[in-house]
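Reader: I would like to learn how to read a protein model feature by feature. Could you take me through one?

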Amino acid sequence: MSRHPDTTRPTPTVEDYLMTMHVLERDTGEIIAARLAELLNVAPATVTMTLKRMERDSWIHGTGRSGLSLTETGRAAAHSVVRRHMLTEWLLVSVFKIPLTQTHEEAHNMEHAISPLLEERMREALGDPQVCPHGNPLPGCESVTRAWLPLTELAAGVTVTLRRIHEFAEDNPQILNFLYENGLIPGQSVLVREVLPFNQTLTLSVNEKSVTLGFSIARFVYAEP
């Protein structure tokens, strides 16, 4: 039996853009082309050309001065690829025992090939998770993470439970490896020992070990009091 490509699904490149747009829209309320270029590590001219194609294909609105936004179709496609990515991460962790530091990259290699049927079966088999293994919310589950605060918003002297490592930290293997090598993983209890705004650092006590983070990294780690 012959197999035909799904012409209704975005290309892998467009899905990568849609995932990043989803996170920007979710967290900042706006999608900026220059920020896309930075996050996707591509030239601004490449982003401009891709966005024009995405607008032509009705995934987004507003490549002009009105600002970028996802169409209803584009948002549905973005949510689909984000769910596939996060469900794949859970599959890799729970079934194949892949370390959390590697699941993001491995899931990125697999997410584009997962069919809607397999996505639904994965969701059921994994118990309909609301967050990914790194604590980021699946689309529609944002309320679960709303009360969690970035470490940069905490005061010295409080004990908290780490709950989430933001997608933008997941995209940086060096940051992700540093966090995990120092025990800064979801579910870990830590004490905020010191916060120094003048030099943009904070120090945590993790299993009786001191770990100092710059604010540039700490803002991607969320905790629950």
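**Reading the model**

Author: Gladly; let's start with Met86, which lies in helix 4. Helices are DSSP runs of H or I with at least four residues, strands are runs of E with at least two, and both are numbered from the N terminus. This is a predicted model, where local features need pLDDT of at least 70, side-chain atom pairs count only at pLDDT 80 or more, and totals for chains, interfaces and linings use all residues. Residues are numbered from 1 along each chain as its sequence is written, and side-chain values use heavy atoms, with hydrogens and water left out.

Reader: Is Met86 buried or exposed?

Author: The general idea is a cut-off: buried means under 20% relative accessible area, exposed means over 50%, and partly exposed is in between, using a 1.4 Å probe and protein chains only. Met86 has a relative accessible area of 3%, so Met86 is buried. Val93, also placed in helix 4 (residues 72-94), counts as partly exposed because its relative accessibility is 22%.

Reader: Which residues does Met86 touch?

Author: Contact means heavy atoms within 4.5 Å. Not counting residues up to four places away in sequence, Met86 touches Cys132, Pro133, Asn136, Pro137, Leu138 and Glu167. With neighbours within four places likewise left aside, Val93 is in contact with Ile98, Leu100, Thr103 and Pro133.

Reader: How do I read a helix, say helix 3, from its length?

Author: The expected span is 1.5 Å times one less than the number of residues. Helix 3 (residues 44-56) has 13 residues and should therefore span 18 Å, which agrees with the 18 Å between its end C-alpha atoms.

Reader: And which residues of helix 3 are buried?

Author: They are Val47, Thr50, Leu51 and Met54. These residues cover an arc of only 105° around the axis, so they sit on the same side of helix 3. The arc is taken from the directions that run from the helix axis to the C-beta atoms. Ala45, Lys52 and Arg56 are exposed on the other side. The cover over the buried residues includes helix 1 (12-28), helix 2 (33-40) and strand 1 (60-61). Just after helix 3, Ser58 has a positive phi of about 70°.

Reader: What about strands: how does strand 6 pair with strand 5?

Author: Two strands pair if DSSP finds at least two bridges between them. Strand 5 (residues 189-196) and strand 6 are antiparallel, with five bridges, and Val192 stands opposite Leu204 in strand 6. The two strands form a hairpin with four residues between them, and Gln200 in the turn has a positive phi of about 60°. Strand 6 also pairs with strand 7 (residues 209-214), antiparallel over six bridges. That hairpin has two residues between its strands, with Asn207 in the turn at a positive phi of about 50°. Five of the six residues of strand 6 (residues 201-206) are buried.

Reader: Finally, how much area do domain 1 and domain 2 bury between them?

Author: The size of an interface is often given as the accessible area lost when the parts come together. Buried area here is what two parts lose on being put together, with a 1.4 Å probe, summed over both. An automatic or database domain assignment sets the bounds, giving domain 1 (1-132) and domain 2 (149-224). They bury about 940 Å² between them, 57% of it on carbon and sulfur atoms. Leu100, Thr101 and His104 supply 47% of the area that domain 1 buries against domain 2, more than any other three residues.
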